[in-house]
Amino acid sequence: MASARKAQISARKQPQQARSTDLVSAILQAAVQVLTTEGAQRFTTARVAERAGVSVGSLYQYFPNKAAILFRLQSDEWQQTTSLLHGILDDQTRPPLVRLRALVHAFLQSECDEAAIRGALDDAAPLYRDAPESKEAQARSRRTMQAFMREALPDSGQAERARVADLIKTTLSQVGKHFSDTPRSRAEISAYADAMADMFCAYLEKAGARPRSSRPRS
C-alpha cells in the first residue's frame, strides 16, 4: 500500500540536462501561480501546462499527475523550512536565546511570504501526509530541535526539554498560520516576532533556572 501511494506522488524522472531542468522549473513556477490564483480545488495538470506554456504531454514526462506536482512543491517547502530551522539553531557561534529569536523572526517572515501557497498545499495535504519524505522532514526537525534543547537546557531532563521543544514548535506553527492569514507589513511582522520571541526566551530562561528538585521527573 505504501509503495503504491508513493508511486502515485513521485516524479516520473529527474531532469538530467539544462533544458529539461528549465522545463521542470517552468512547470513548478506555473504550478505555484495556478495554486495562488485558482486554489487547490481547481488545480489541474492542464491549467499548469497552459500557464507554463508547455504541452500536457511534456508535463507528464516528469509528473504523472497533479498530486506529483503538489508533492514536489510540498517537498521543496519541507526542505526549505527544515534547512531554515537547522541553519539557525545549529549555529553555535551565537547564544541559544539569540538563535531562538532569529528563528522566530525568520519563520514568521517565511509564513507571511508564502501564505498563499502554504494554504493551498494544506488543502492538498491528505495526498501526501504519510509519505516517507514527510516523515523524514519531521524527523530531521526533531533532531535539530533536540540538539538545540540539550544546549539551551543542559541541566534539564529529557522529558522537560521535549516539553519545551514541543510547546515552541507547536506555538510557532499555529500562530504562524493564523498570523499569516492576513497580509502584514514588514513592521507588523517584526513587532509580532519580537513579542513572540520575548515570550519564548522568558519561558526558556525560567525553565533553565528552575531548581532540579522542582522539575518534573524525566
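Helices (H or I, at least four residues) and strands (E, at least two) are DSSP runs, numbered from the N terminus. On this basis the chain has 10 helices and 0 strands. Read from the N terminus, the order of elements is α-α-α-α-α-α-α-α-α-α. The model is predicted: local features need pLDDT of at least 70, side-chain atom pairs count only at pLDDT 80 or more, and totals for chains, interfaces and linings use all residues. Residues are numbered from 1 along each chain as its sequence is written, and side-chain values use heavy atoms, with hydrogens and water left out.

The chain holds 218 residues, of which 38% are buried. Here buried means under 20% relative accessible area, exposed means over 50%, and partly exposed lies in between (1.4 Å probe, protein chains only). Contact means heavy atoms within 4.5 Å. Among contacts in the chain with a separation of 6 or more, 72% join residues 24 or more positions apart.

Two packed helices are described by the angle between their axes and the distance between the axes. Axes are lines fitted to C-alpha atoms, for helices over the stretch in contact, and angles run from 0 to 180 degrees between N-to-C directions. Helix α6 spans residues 96-113, and helix α9 spans residues 158-180. Their axes come within 9 Å and cross at roughly 35°. The crossing of α6 and α9 is right-handed. A crossing is right-handed if the near helix is turned clockwise from the far one by less than a right angle, and left-handed if anticlockwise. From α6, the residues in contact are L100, L103, V104, F107, L108, E111 and C112. They meet I168, L172, S173, G176, K177, F179 and S180 in α9. By class, this contact has 9 nonpolar, 3 polar and 2 charged residues. Ala, Val, Leu, Ile, Met, Phe, Trp, Tyr, Cys and Pro count as nonpolar, Asp, Glu, Lys and Arg as charged, and the others, Gly among them, as polar.

K177 lies in helix α9. K177 counts as partly exposed because its relative accessibility is 36%. Leaving aside neighbours within four places in sequence, K177 is in contact with E111 and D122. K177 and E111 are 66 residues apart along the chain, yet their C-alpha atoms are separated by 6.9 Å.

Helix α5 supplies two further examples. E77 is found in this helix. E77 is buried because its relative accessible area is 11%. Not counting residues up to four places away in sequence, E77 touches E114 and R118. E77 and R118 are 41 residues apart in sequence and 8.6 Å apart in space, C-alpha to C-alpha. A68 also lies in α5. A68 has a relative accessible area of 2%, so A68 is buried.

The largest pocket has a volume of about 1,400 Å³. On a 1 Å grid over the protein atoms alone, a pocket is an open set of points with protein on both sides within 12 Å along at least five of seven lines; lining residues have an atom within 4 Å of a point. Grid points are joined across faces, edges and corners, and a volume is the space filled by probe spheres set on the points. The pocket is lined by 40 residues, and the closest to its centre are T81, Q138, S141, K169 and S173. Elements giving two or more residues to the lining are α5 (66-89), α6, α7 (115-123), α8 (132-152) and α9. Helix α9 gives the largest share, 12 residues. By class, the lining has 15 nonpolar, 13 polar and 12 charged residues.

Technical notes. On a 1 Å grid over the protein atoms alone, a cavity is a set of points where a 1.4 Å probe fits but cannot get out, and a pocket is an open set with protein on both sides within 12 Å along at least five of seven lines; lining residues have an atom within 4 Å of a point.
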